[in-house]
Every structure is written in structure tokens, then in C-alpha cells.
Amino acid sequence: MASQHSVPNGPGSRLTNNPVDIYREKISEALAPITRKTPQEVYEKLAWTQTFDKGDLGLPVPSLRIKGKKPTEQAVEWSEKFPESDLVAKPVVAGTFLQFFFKPEPLTKLIIPSILNKKASYGTNDKLGLRDESDPSKGKKRIIVEFSSPNIAKPFHAGHLRSTIIGGFLANLYEAAGWDVLRMNYLGDWGRQFGLLANAFEMYGSEEALERDPIGHLFDIYVEINKLSRPQEDAIKEKKEELKQVAEAGKETLDLENEIAELESKSENERARQYFKRLEDGDEAARATWSRFRDLSIQKYKQTYARLNIHYDHYSGESQVERERMEKAANILKERGISEDSKGAILVDFTKHGDKKLGKALIKKTDGSSLYLTRDVGEIVKRDELYSFDKMIYVIASQQDIHVAQLFKILDLMGLQDISGKCQHVNFGMVQGMSTRKGTVKFLDDILRDVGEKMHEVMKANQAKYEQVEQPEQTADTLGITAVMVQDMSGKRINNYDFSLERMTSFEGDTGPYLQYAHARLCSISRKAGLSPQDIGSADLSLLTESHAVNLVRALASWPDVVQNTLKTLEPVTVLSYLFKMTHMLSSSYDVLKVIGSEPELMKARMALYEAARQVLHNGMKLLGLNPVERM
Ligand code: ARG
């Protein structure tokens, strides 16, 4: 992995944010005259190493493209000429690679105080999000992150869970990079199912139940009316099959056609369609009912998202896209000859516009009503007008890859490349086997409660420890949430995974509870040592000479680079792997680097190291959206 920094220069430099940049600069300046390249050119080729035995930074010699000598010989020559400095040792030659090792003591003295001073801001870089890095007065770049986006009255499924977790993380990430972040939830709050729902409420609804548990109640009555509607739809489908066969056989079909029309006209689906039509036409009573369903649901959503540290700046939704907007879009498509009529409906045939994979998509039904895709087109244009964003991320399951690609393509075809060019689809794979122990998942709450209860059981299994936890229920809840989130973030986004209550709640392996334990353990060491911040701040860091200590410091030094790399991968696992690597190093250090029982000066120095490690772990967990616990 090559890093893509520019050489820091002048007051706009990133030096203050990322200590490793000091080393990059030092190495590039020393190598420039030797390689006859500019410092900038060398700087760009300095890469992170996979493991510390390969150095702190590496240079693949061939990457500088110097003709003549063999890269292996060049490596030897450059290494010999490289002036050893107080910060960096002479590079080690490994084939065509130069490995640069930072000298331990100056590194320790640079990194630890830097972390202890910067605290929560260590690893953040508020300059990256500036419109102009050298002129903060020009303001920050704005990003919209659209995520979670569940459908009212329908189950909160695994796709929504992943979108919530990944989106929450991405929003934090851009915030850490100094962007102005707008968190948006685009609710599925429109469509025929709202007609079905309103009718269901008339038949089975209870005001009281709605107030108490809007999401649960709406879901229940939706299930109830579906029990009526499903068999009706099945019967209609059956008749239609029959009709097809009769017609193929060349027999009389009128009776059957009448029968089907009769069934359809009496169906719940038809009643729903009519209700939804009223809603789309702006009927006030229908609108008021719908509004109440929506508002109450949002209230409840807010409470649940808060448990995950997520707060939205805006609840948008499919209902919020004005009809005129969609009309306007449709007109542009028509004028440009992009859309076409098809039996009264309107569609775009992407295969005619250079995109075979995208097939065809309806943009208007025969009855004139809009579709999911049309609403997305209207909404994106609206967001551009309202928020004039610099970038927008859609966090949506890979099952909707085609949908999102069609959306972006339509914008291109409308001549709105300036908008589509700012948009990015961040997708993810499926979760298998997500159900609660009590049955169907209704909402996020059900999942979180279930995992919290399981975590409580796991904690109780260790009676002695359990008794020391002050607020076991609350801790179990936090651990449960961590367990779910860490499991979700443990692989690349695009991979599918199995939702496993057993595995995610275990303390063994790279799990959420293990990560929390690592944090709580550092807090506990600090409590037992009882040193003041002044004690820690005045520690003699040259005492940290053991390889365990030095390697920990090297790991801590790389945190800002990890954050920066994550901005490229947009993968939570980039952060998570780093945190696990660091916690593994920590747990193998405790026996070697004891705090309690050591000489006072050594105690201070080691405590400074552990406190710095705790801070970085804390920052990483917060970035992922986790709540680090102090005791468990
Ligand atoms: N509500 C949709 C669903 O549950 C997800 C919406 C994703 N966002 C979007 N702009 N289409 O499938």
C-alpha cells in the first residue's frame, strides 16, 4: 500500500496531525538527492509495512523507476548513502525493498506525549475536509451519508442493520476527517402498503397500542391484514393462470375475466390502491393518518438509534419527494428521447443507452403513480438543491446494486453528471440467519434486547466477576450492542456472514466483548495504579526500552495513518483489524510490562504507555460507533 500524502509544507502542513509525517518528510528529504528525485516523488512511494519486522515504512525501489542499475543493487547503494539521523536508522535492504526503522527513544518521546495531549482528537485530521487546505475560511466540504432507511410497518431486516452500522461508522469517519457531515435516513414511508396499513388500522387498530409501541403495532396490524390479502392475491393469481391456459386452448375466456375483475375489485389490495391514490392526490384525512404513523414511528426510531450513538440530522423518506419534481425528471427523460412508452407505462431501456447490464426499468406505472426508482431520482435532485453537498454516500445492500446503478445512470442520461459524479454507493453483503429467539425481527430493539440478554447470561456464568460489576444490566446491554456491531464489521463489507449469537457474545477470539474487555482492563490498571495526570505527564519515557513497549509505541504511532487509509477503503474492518492487533500486543505485554509492583519511575513510564494505548483504543472504538466500558 503506498500512502498518498503530499509533502507537508508550511502552515497548511499535516505535520501537527500525523507524527509519522515527520518521518516521511525526513526520509524523503534524505533520499531525494541520493535518488535524484524530488522529495515529493519519494514521499509518495513510501509505503506502510505489513509487520514491524519489515520496518515502520518501506520503499519499493523499482517504484521510483530509475533506469540503469538493477533494483537490488540500487537498494544497496542507496542504503549505504542514506545518512543515518537521530530519528531514522540506516535502511535495511531486503531484496528490492528498503526498510526504514524509526529509532525507538525519540519515537516514544514524540508519540506518547502527543497522544496524551490530543486525547480524543489523536487520529483525526480536520484539515482533510477543508475546501481549501491552506485557507480554513473557505469552509468545510459537506457530505451526506444516507443510511439505515428502514420501511415503516415492515420488519427491520439484516440489510437495515448493516446499513445502520456501516453508515454510522462512515459518518463518524468523515467527521474525523473534518467534513461537515449530514446524517440522513431515507424512510420507506410511501407506496401502496400505506393504503393497506391505513385500512388495517381502521379494522384492527388501537389508539392506545399505537401510542405505546407504534412500530410494533403497525407491524402487527400489517401482518394481520396480510392474512386477508395474501389468500386473495393467491386466488387471483391462480385464476390468471387458468385464464392463460384457457386462452391458449382457444376457448371462451369472458367468464373467467369477469370473475378475476370481481375478485380484484373486492380485494384488500384494491382498497389499498384506492387509499394510496387518495394519499398521492393529497387527500387531507388520508394524509393526516399517514402523518401520524410516520411521526410516531420516527419518535421510536430515534430512541433506538440513540442506543447505537446514532443521531440523524434529517429524516427524509420516499414520501418527501414532490410529484412536480418527478414530473420534471420524467419530462427531461422524454425530451431527450431516453424514456419510452410501453403499454401506457413509461420505462427506460438502458440497453439502448450503452448499458446492457442495467436492463430496463419502469419509471411510471400505467396509473401514473411513481416508483421506488423515480422517487430516488427526484430525491437526489432535491438534496442537491437543498444541501449543495460535495459528496454523498448511499449505504445500501448489494442486492440493490442494479437499482443504484440505474439511478446514477439516469442522472447521467439527464445530463446531471455533476450530481451523479458526487455520489457513491457503499454496498455490503448479506447476513444469514438473523432472527431473535422469540421469532421474527420487528425492529432493531428486538435484536439488541435479545443479544443483551444473551450477554447477561454469559456474564453470569462467571459468578465471582459478575458480582463486581456495578450495573450488570446496562453493561450487558452495551456489550451486546458491541457484540453485534463488531461481528458485522469483522469482514469486508461485501462478504456475507452468519449471524451467530454464540460466537459474537464469546470472550474468546476477536469479538466485541473481547475488545471491551481490553479497554476495561486498561482502565482497571489505571485505577489500581492511582497516578495523577501530572505523574504520568512527567514520566521518564526513556525507561520504555523493552521490545514489547517499543512495538506498542510503533503501533500507536500508526493510528493516524490507519484512519487516513480507512478513508480510502471505507471499510470498518480496516480500523477493527488494527484495534485487534493492538489489543493482542497489549495482552502479551502485561506480564512483561508490569505497573503494580514496579519501581515508581518505571511505574509512571509504563502507565503513560498504557494510558496512551487506552486512548487510542478508545478513539478507535468511538470511531466505529462503540461505547467503551470502564468496568465489566
Ligand atoms: N427502504 C429501502 C429498503 O428497505 C432502502 C432505501 C435505500 N435508499 C435509497 N435511497 N434507495 O429496501
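Which residues does Ala329 touch, not counting residues up to four places away in sequence? They are Val377, Gly378, Val381 and Met414, where two residues are in contact if their C-beta atoms, placed from the backbone, lie within 7 Å. Before going further, a word on what you are looking at. This is a predicted model, in which local features need pLDDT of at least 70 and side-chain atom pairs count only at pLDDT 80 or more, while totals for chains, interfaces and linings use all residues. Residues are numbered from 1 along each chain as its sequence is written.

Let us stay with Ala329 for a moment. Its place is in helix H12, residues 323-335; helices (H or I, at least four residues) and strands (E, at least two) are DSSP runs, numbered from the N terminus. Ala329 is buried, because 23 other C-beta atoms lie within 10 Å. For that term, a residue is buried if 20 or more other C-beta atoms lie within 10 Å of its own, exposed if 12 or fewer, and partly exposed in between, with C-beta atoms placed from the backbone. Asp477 is 148 residues from Ala329 along the chain, and their C-alpha atoms are separated by 47 Å.

Now step back to the whole chain. Of its 632 residues, 39% are buried. The secondary structure comes to 25 helices and 14 strands, and the C-alpha trace spans about 95 × 65 × 50 Å along its principal axes. Among contacts with a separation of 6 or more, 72% are made by residues 24 or more positions apart.

Leaving aside neighbours within four places in sequence, Leu170 is in contact with Val145, Ile393, Val395, Val426 and Leu570. Take Val426 from that list: 256 residues separate it from Leu170 in sequence, yet the two are 9.7 Å apart in space, C-alpha to C-alpha.

How is the chain divided? The domain assignment gives domain 1 (14-102), domain 2 (192-426) and domain 3 (467-624); such bounds come from an automatic or database domain assignment. The C-alpha centres of domain 1 and domain 3 lie 30 Å apart. Their contact takes eight residues from domain 1 and six residues from domain 3. On the domain 1 side, the residues that touch domain 3 are five nonpolar, two polar and one charged. Here Ala, Val, Leu, Ile, Met, Phe, Trp, Tyr, Cys and Pro count as nonpolar, Asp, Glu, Lys and Arg as charged, and the others, Gly among them, as polar.

Four strands form an open sheet in the order S1-S2-S4-S3, with antiparallel pairing; two strands pair if DSSP finds at least two bridges between them. Strand S1 (47-48) and strand S3 (92-94) stand at the edges, each with a single partner strand, so one side of each is left without a neighbour in the sheet. S1 is joined to S2 by two bridges, and Trp48 has Leu57 as its bridge partner in S2. Four bridges then connect S2 (residues 57-60) with S4 (residues 97-100). Across that pairing, Leu57 stands opposite Phe100 and Leu59 opposite Leu98. Three bridges join S3 to S4, with Val92 opposite Gln99 in S4. The hairpin of S3 and S4 has two residues between the strands, and Gly95 there takes a positive phi near 65°.

The ligand is the next stop. Around it you will find Glu146, Ser149, Asn151, Tyr186, Gly188, Asp376, Tyr394 and Ile396; a residue is near a molecule or strand if its C-beta atom, placed from the backbone, lies within 6 Å of it. By class, this shell has three nonpolar, three polar and two charged residues.

UniProt positions are given in the numbering used here, feature names are shortened, and annotations may be inferred rather than shown by experiment. The record places "coiled-coil region" at residues 239-273; in the model that span is 80% helix and 0% strand, with its end C-alpha atoms 20 Å apart. The record also places "domain: DALR anticodon binding" at residues 515-632. Over those residues the chain is 72% helix and 0% strand, and the end C-alpha atoms are 12 Å apart.
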